[in-house]
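Biologist: Can you put the model up? I have some questions about contacts and the ligand sites.
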Amino acid sequence: MELANDKGWSCPYLLCKFVIRKKGVVELGRRSCASCHTRVMPDGTLLEGAQGMVRLFGSSAGMTPERLRDLQDALWARVGAPWVQSKESFRELVTIDWYTKLLQASRNGVFPRQGTSLTHPVHAPSLIGIQDIRFLDATGLVRHRSIGDLMRYAVINSGLDMLAEYGDFRPSAHTSSVAAEDGTRYSDEQLYAMALCIGSLQPPPNTNRVDDRVRRGQRIFGQQGCAGCHTPPLYTNNKLTPATGFSVPDDLLKSGDVLNVSVGTDPTLALKTRRGTGFYKVPSLRGVWYRNAFGHGGWAETLEEWFDPARLNDNYVAKGFHLGPGPIKGHEFGLRIPPDDRKDLIAFLRTL
Ligand code: HEC
Ligand code: HEC
């Protein structure tokens with residue numbers, strides 16, 4: 001479905017719907033949760049709650065200076081962090097050529113969600129099985145202790161976070177109220193129903209069979225110490241690991257939520273964005289067989305690429321999101337084992 005909005009940009013979302021909230025007024029509903037958390041499977045079926053295919057859409061063709069300025073403002077509201085970069089230098093960076101490059105670098109499943117970064121966007125996670133996951137977002141920004149936390153997460157990420165104040169910086173210039181009564185946010189009842197619905201989502205039947213190769217892969221998973229972090233049955237220990245360069249405050253070390261070992265991936269998202277916490281959570285490996293875009297930035301398109309030692313090379317060209325050649329840094333686990341063992345390990349991961 002292709003629709004044009006008032007700025008002439010085409011609608012990037014597949015799942016736009018017409019909604020009627022007030023008698024006589026038809027509105028276009030977009031940016032529903034489903035638009036980023038629904039996967040189009042290879043046979044064309046839709047899998048609700050799975051990692052979405054969302055990416056940065058658009059075109060810079062024929063962009064006028066006024067449109068560029070509007071775009072810069074919109075992007076600044078989405079990802080600006082004035083304590084890292086001034087609005088002026090952000091504007092200087094976002095030229096038409098640069099934006100064209102960014103669109104080319106964009107990949108399905110990787111998106112500069114508000115509060116992340118254009119140069120360091122984040123992969124869309126799967127929501128299937130989310131009820132077992134104790135921290136939400138790649139940086140573990142939000143604790144997930146109960147269904148109430150999931151409801152709050154949903155409402156905050158539906159626009160409230162754009163009204164948050166970071167010192168004297170507020171991402172959105174709008175001052176409109178956000179209230180359930182006038183329909184500008186989901187009501188508590190709707191949020192509860194939605195969270196129950198998300199919690200009921202089931203993975204698709206896994207057609208990858210357990211055979212000798214998979215059993216070998218499972219042994220390698222144990223021998224390589226993967227289970228220390230990706231602990232069965234959730235295939236995560238539900239802990240946070242510090243990003244490179246972040247020293248963990250003592251009280252957090254004592255909390256039991258932190259494994260004080262950095263896996264050495266790119267620290268930008270954790271240290272320099274509005275969603276930054278200093279940490280990356282240990283992701284669950286359940287369902288990796290129907291996902292792409294590995295690593296929190298979606299740099300590795302496939303599991304084969306994530307476990308390819310060549311990705312550490314300085315001139316490496318990633319198949320996932322990348323703005324230029326360079327290594328996919330960190331998480332070197334499983335990279336130094338013989339190629340056949342890596343294949344077995346991946347075969348095992350595909351059964352989870
Ligand atoms: C425009 C795309 C988009 C929309 C719309 C969207 N999400 Fe997300 N969602 C993301 C991305 C990208 C992330 C990863 C953010 C991060 O890791 O920092 C995410 C993260 C999450 C997480 C954390 C999951 C985890 O494993 O850490 C939850 C829960 C979630 N979204 C639920 C929702 C709900 C509920 C809605 C609707 C109210 C929604 N999302 C709408 C893209 C979207
Ligand atoms: C010290 C803890 C630790 C160990 C040991 C570890 N991992 Fe990880 N793993 C992580 C963290 C943290 C991430 C997320 C890193 C990021 O995105 O920045 C991750 C990410 C991954 C991903 C990408 C998942 C995704 O959603 O993008 C895969 C696949 C993976 N690990 C598999 C393994 C395997 C297989 C092993 C053993 C060979 C292993 N890991 C060992 C902590 C660990």
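Biologist: Leaving aside neighbours within four places in sequence, what is Phe246 in contact with?
Modeller: Phe246 is in contact with Leu271, Thr277, Gly278 and Phe279. Contact means heavy atoms within 4.5 Å.
Biologist: What should I know about the source and numbering?
Modeller: This is a predicted model: local features need pLDDT of at least 70, side-chain atom pairs count only at pLDDT 80 or more, and totals for chains, interfaces and linings use all residues. Residues are numbered from 1 along each chain as its sequence is written, chains are lettered from A and ligands numbered from 1 in the order in which they are written, and side-chain values use heavy atoms, with hydrogens and water left out.
Biologist: Where is Phe246 placed?
Modeller: In the loop between β9 and α8 (250-254). Helices (H or I, at least four residues) and strands (E, at least two) are DSSP runs, numbered from the N terminus.
Biologist: What is the relative accessible area of Phe246?
Modeller: 26%, so Phe246 is partly exposed. Buried means under 20% relative accessible area, exposed over 50%, and partly exposed in between (1.4 Å probe, protein chains only).
Biologist: New topic. Which residues coordinate the iron atom of ligand 2?
Modeller: His230 and His331, each through NE2, at 2.0 Å. Donors are N, O and S atoms within 2.8 Å of the metal (3.2 Å for Na, K and Ca); water is not among the atoms, so sites may look incomplete.
Biologist: And where do those two histidines lie?
Modeller: His230 is in the loop between α7 (212-223) and β9 (240-242), and His331 is in the loop between α10 (303-306) and α11 (339-349), so the pair ties together parts that are 101 residues apart in sequence.
Biologist: Are they buried or exposed?
Modeller: His230 counts as buried at 10% relative accessibility. His331 is buried too, at 14%.
Biologist: What else touches ligand 2 through polar atoms?
Modeller: A polar side-chain atom of Thr265 lies 2.6 Å from a ligand 2 oxygen atom. For Gly295, a backbone N or O atom is 2.8 Å from an oxygen atom of ligand 2.
Biologist: What is the protein donor for the iron atom of ligand 1?
Modeller: His37 (NE2), at 2.1 Å, is the only protein donor there. His37 sits in the loop between α1 (33-36) and β3 (38-40).
Biologist: Last one. What covers the buried residues of α11?
Modeller: The cover includes α7 and α10. Among the buried residues of α11 are Arg342, Asp344 and Phe348.

Methods. Polar contact = N/O pair within 3.5 Å; in protein donor to acceptor, adjacent residues only side chain to side chain.
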